[in-house]
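Have a look at the picture first, then read on.

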Amino acid sequence: MKNFSSFISLSSAARRAEVDHHSSFERKTASFSLIELLVVIAIIAILAGMLLPALNSAREKARAISCVNNLKQQGLAAASYSGDYYDYYLYLSENPTTTLSGTTAGTGMAWYGKLLNLKYLPATVVVDQYGSKDSKSFHCPSEQKKTGIMSINRHYGLNYRTFGSSPSHATLKPKKIGSLKTNFIYIGESLPTGYNGSTNLDSYRVQHYGGVYPMQVVNYGSYPVFARHSSKANILFANCSVSTCDRSFLRDVKNWEEQ
């Protein structure tokens, strides 16, 4: 009987020891799994931090390509206009009081208004109190859309040096294809109306005197080119080709002149 009692005591002790061993093993396993989870989370966070800049860069490249396509559409529309109007290039406007809508108090119309109203580019619904129509082709996807009256911003401007007019707008002479060289700037990326609080209403024109925003720019009213794609700007040339140009090219007056 005594031996049997001793056996029962030993068996109980063994079971308790086994239970304690399993409990300790489970605690260690749970603790190790938590550490593993934290390590995995840390690795994922590091990888995400490494990949995010690459993803942002790829997204911006896609936007820049879309911007190039916008200019190509404008080039095709401008070529169609020239084909219908005796081989004349577009010119800035017919009247110095051109408004955001592309029209004036008289019969004047800005160059983009011609492309829209003459249906060389597809137009959307009326977007402001001036009765303006608009097209996605005039909006670079890299530029944030404004609100209110400034939502009618367009992000491309005509070469004011060649296709503008005299200071008084009294001696405007449209240029004819064949009379000019074709490897100079026709349309370039412009600073949006109201950008950073600017009151400039001339986002539809650009010129080399205005510099290249955000550097080497005199003031908003000088009609600078906007190098919004990694310090470069997309440019439509008079021969309807499109290139991405750096600051040195954009600052060179020879690339803006007709001769």
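How many of the residues of β2 are buried? Five of its five residues are, so to speak, under cover: β2 is mostly covered. Buried means under 20% relative accessible area, with exposed over 50% and partly exposed in between (1.4 Å probe, protein chains only). Helices (H or I, at least four residues) and strands (E, at least two) are DSSP runs, numbered from the N terminus.

Keep in mind that this is a predicted model, where local features need pLDDT of at least 70, side-chain atom pairs count only at pLDDT 80 or more, and totals for chains, interfaces and linings use all residues. Residues are numbered from 1 along each chain as its sequence is written, and side-chain values use heavy atoms, leaving out hydrogens and water.

**Strands around β2**
- β1 and β2 pair in the antiparallel sense over three bridges; two strands pair if DSSP finds at least two bridges between them.
- On that side, G157 has G188 in β2 as its bridge partner.
- β2 is also joined to strand β6 (residues 233-237) by three bridges, again running antiparallel.
- Here G188 stands opposite I235 in β6.

**Aromatic rings**
- There are 13 aromatic pairs in the structure. Rings of Phe, Tyr and Trp (its six-membered ring) pair if their centres lie within 6.5 Å; planes under 30 degrees apart count as stacked, over 60 as edge-to-face and the rest as tilted.
- Y89 and Y186 are edge-to-face because their ring planes sit at 80°, with the centres 5.3 Å apart.
- That pair links distant parts of the chain, 97 residues apart: Y89 is in the loop between α1 (2-84) and α2 (111-117), and Y186 is in β2 (residues 185-189).
- Both Y89 and Y186 are buried.
- W111 and F138 also make an edge-to-face pair, at 5.7 Å centre to centre and 90° between the planes.
- W111 counts as buried because its relative accessibility is 0%, and F138 counts as buried at 0% too.
- Ring pairs also tie Y89, F163, F184 and Y186 into a cluster.

- pLDDT is the predictor's confidence in each residue, from 0 to 100. The chain averages 74, and 64% of the residues score at least 70.
- Confidence is lowest in α1, at a mean of 73, and highest in β6, at 96.
- Residues 147-151 stay under 50, and the model gives them nine contacts beyond four places in sequence; contact means heavy atoms within 4.5 Å.
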